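Let's take a walk through this structure together, one part at a time. Have the viewer ready and follow along.

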Amino acid sequence: MIKINEKQFLSDLEALRQIGLQPDGAVHRVGYSQADGEAREWLMGRLRELDLEPTTDAAGNSFAVYPGKKELPYIGIGSHSDTVPYGGAYDGALGVVAALAVIEALHTAGVRLNHPLEWINFAAEEATMSGGTTGSQAITGIFDMVVLEKAAWDGRTVREHIVGAGLEPDQITTAARPKGSYAAFLELHIEQSDRLEKANLPIAIVDGFVGIRRYAVGFDGTANHAGTTPMGVREDALVASAPMIRFVRDLAVELGIVGTIGDFKVYPGAPNVIPERVEMIVEIRGLDSAVLDQAESIIAKEAQKLGGRFDPVVEKPPVTADAVVVQAITAGCETLGLPTLTMASGAGHDAMNMALICPQGMFFVPSKDGISHSKDEYTSSEDCLNGARVMLETVIELDKRLLSSQ
Ligand SMILES: [Zn+2]
């Protein structure tokens, strides 16, 4: 019987929380910082205790391979141990420690799977390094070297941070893994929303990552004196744009997506001048490209009807989870008798990048009150344990299923 060493797993989670712990309970372990380096070293030390030889690539990702019975591509398991500035103890950390616990369970039982398992602790997942997911972008070959010269969260460049961690930023492209390196990738993460808690369920299976589209929508009017221009002759850009705000909200509700106008500027922006120009960014997110297409054309038409401009500026396609991985997670939860719900991830994760080079899947455990990126981030020990248990069962299932699908 292969079992998670529950006491060890919880004590590892606690030991990791101590690294970067602040007096108020926040965990401050920003990517490439000293605390981040300490956490990585500590985790790699734990893997050495399991007779593994951890390695680090040029991007600062850390790895350890638990050999399989056969010469097959890896099943990757893991997450990230960096946090946002003054963040919590579970975002990323849980997935990394659970992956370690899975390897420890197999090691203790003396069991090898068919596939080698690769434990991955991704570098700088949080958006502290301009854009985030630095490590998984490097692994999947999409890291843009321009980012090195951009400002990180504290104003220093990303390059300075990477150099500060003892790494060579110009070598970062050597971290790219060829397609075919991984048979699959699996990530456990906290939900960062409150749907599981509200439904009183322990596990959410992620069926995909939402696509993101952003549109620059603008309205033009004529600036004039706010005191002397009669109401009847005004060309007020703000008044013309106003219906758009409500429209986007109602459309999102109607189509079952999310829609936000979080960036809205009025020019010239003086209290005594009639607005001559309004610029806003309309953002929509959803899992179904066809629905996003539909929303896009409706918003474009509405902008035109209101006399505005409409220009697409960002389009990130949705990423669907791999069916075999989803089936393995489902089977793992069934084995453990844990009920699940299925949801799309509204946030990006390393697994989303990994989709570029291998089949991937992800599952969530509850976040208390849906809080994350905060010292108040909390997931109960039982929920954390469920995550590790599901991870173990899923890996065992996945190993079998991938073999028979080859
Ligand atoms: Zn995370």
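A residue is called buried under 20% relative accessible area, exposed over 50% and partly exposed in between, with a 1.4 Å probe and protein chains only. This is a predicted model, in which local features need pLDDT of at least 70, side-chain atom pairs count only at pLDDT 80 or more, and totals for chains, interfaces and linings use all residues. Residues are numbered from 1 along each chain as its sequence is written, and side-chain values use heavy atoms, leaving out hydrogens and water.

Start at the metal. His80 (NE2), Asp91 (OD) and His189 (NE2) coordinate the zinc ion at 2.0 to 2.1 Å; donors are N, O and S atoms within 2.8 Å of the metal (3.2 Å for Na, K and Ca), and since water is not among the atoms, sites may look incomplete. His80 lies in strand 3 (residues 74-80) and Asp91 in the loop between strand 3 and helix 3 (93-109), so this pair ties together parts 11 residues apart in sequence. Both His80 and Asp91 are buried.

Helices (H or I, at least four residues) and strands (E, at least two) are DSSP runs, numbered from the N terminus. Now find helix 1, where Phe9, Asp12, Leu13 and Leu16 are buried. Seen down the axis, the buried residues of helix 1 fall within an arc of 100°, taken from the directions from the helix axis to the C-beta atoms, so they line one face of the helix. Just after helix 1, Gly20 takes a positive phi of about 95°.

Finish at strand 6 (residues 203-209): 6 of its 7 residues are buried, so strand 6 is largely enclosed by the rest of the structure.
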